[in-house]
Amino acid sequence: MDYCLHKTRRITKNNEYRLVYKYGKYEVGRMCVLYRMPVAKQPTRIGFVTGKKVGCAVERNRARRLMKEVYRLNQHNIREGYHIVIVGRGPLKDATYEKAEKEILYLLRKSKLLVQGEK
C-alpha cells in the first residue's frame, strides 16, 4: 500500500475550498470540523485548514501536520468521490496523535466517509 499524500489528492485552490464550504455538508467535533462534498467520478481530494484562533504559526502548523498524518495513514479506508476539508480548532494544537486520530475517524464515520468494515 502506498501511504503518500500526493499533490493530486489535495485541494489546493481557494475557489475549491469555497465550493466545499458553500455546497458541502459538515460534522462538528471538539477539535475539528469536517466538510464534505460529493463529486461525481473523481478521486477523493482533501484540504487541511487552521484558522488564526488556533494559536501562533507553530501551533497551527502542528495542528495541520497532525490532521495530515491521520489522513495519510487512514486514506485507504476513505470512500472515493468526495472533496473533504478538515478545519482544525483550538484544542487540536495540544492533542496527542491518538486523540486527533480518534476525533477525525469519528467525524469520518459520522459523515459515512469510511468504507464499511474498517475500524
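Mentor: Let us begin with a cut-off: a residue is called buried when its relative accessible area is under 20%, and exposed when that area is over 50%. Please keep in mind that this is a predicted model.

Trainee: Why does asparagine 74 count as buried?

Mentor: The relative accessibility of asparagine 74 is 2%. Buried means under 20%, so asparagine 74 counts as buried. Asparagine 74 lies in helix H2. Between asparagine 74 and leucine 105 there are 8.5 Å in space, C-alpha to C-alpha, although they are 31 residues apart in sequence.

Trainee: How do you know that the buried residues of H2 line one face of the helix?

Mentor: The buried residues of H2 are Arg60, Ala63, Leu66, Met67, Val70, Tyr71 and Asn74. Viewed down the helix axis, they fall within an arc of 125 degrees, and therefore they line one face. Val58 and Arg65 are exposed residues on the face turned away from the buried side of H2. The cover over the buried residues of H2 includes E3, E4 and H3.

Trainee: What makes the span of H2 close to the expected one?

Mentor: H2 has 18 residues, and its first and last C-alpha are 26 Å apart; at 1.5 Å a residue, the expected value is 26 Å.

Trainee: What makes a group of residues a nonpolar core?

Mentor: Its members must be buried residues of the nonpolar kinds, joined through side-chain atoms within 4.5 Å. The largest such core here has 24 residues, and those with the most contacts inside it are Leu34, Ile84, Ile86, Leu92, Ile104 and Leu108. Two or more residues each come from strand E2 (32-38), strand E3 (45-50), helix H2 (57-74), strand E4 (82-88) and helix H3 (97-110). Apart from this core lies another, of nine residues, including Tyr17, Val20, Val39 and Val87.

Trainee: Which residues does leucine 34 contact beyond its neighbours within four places in sequence?

Mentor: Among them are Lys25, Tyr26, Ile84, Ile86, Leu107, Leu108 and Leu113.

Trainee: Why is E3 described as largely enclosed?

Mentor: Five of the six residues of E3 are buried, so the rest of the structure largely encloses this strand. E2 is mostly covered, with six of its seven residues buried.

Trainee: How do you know which strands pair?

Mentor: Pairing requires at least two bridges between the strands. Strand E1 (residues 25-28) and E2 are joined by four bridges and run antiparallel; they form a hairpin with three residues between them. E2 and E4 run antiparallel with seven bridges, and proline 38 has tyrosine 82 in E4 as its bridge partner. E3 and E4, by contrast, run parallel with six bridges, and valine 49 stands opposite valine 87 in E4.

How values were computed
Residues numbered from 1 in each chain as written. Predicted model: local features only at pLDDT ≥ 70, side-chain atom pairs only at ≥ 80, totals over all residues. Heavy atoms only, no water. Buried < 20%, exposed > 50% of the residue type's maximum accessible area, 1.4 Å probe, protein only. Contact = heavy atoms within 4.5 Å. Expected span 1.5 Å × (residues − 1). Arc of directions from axis to C-beta.
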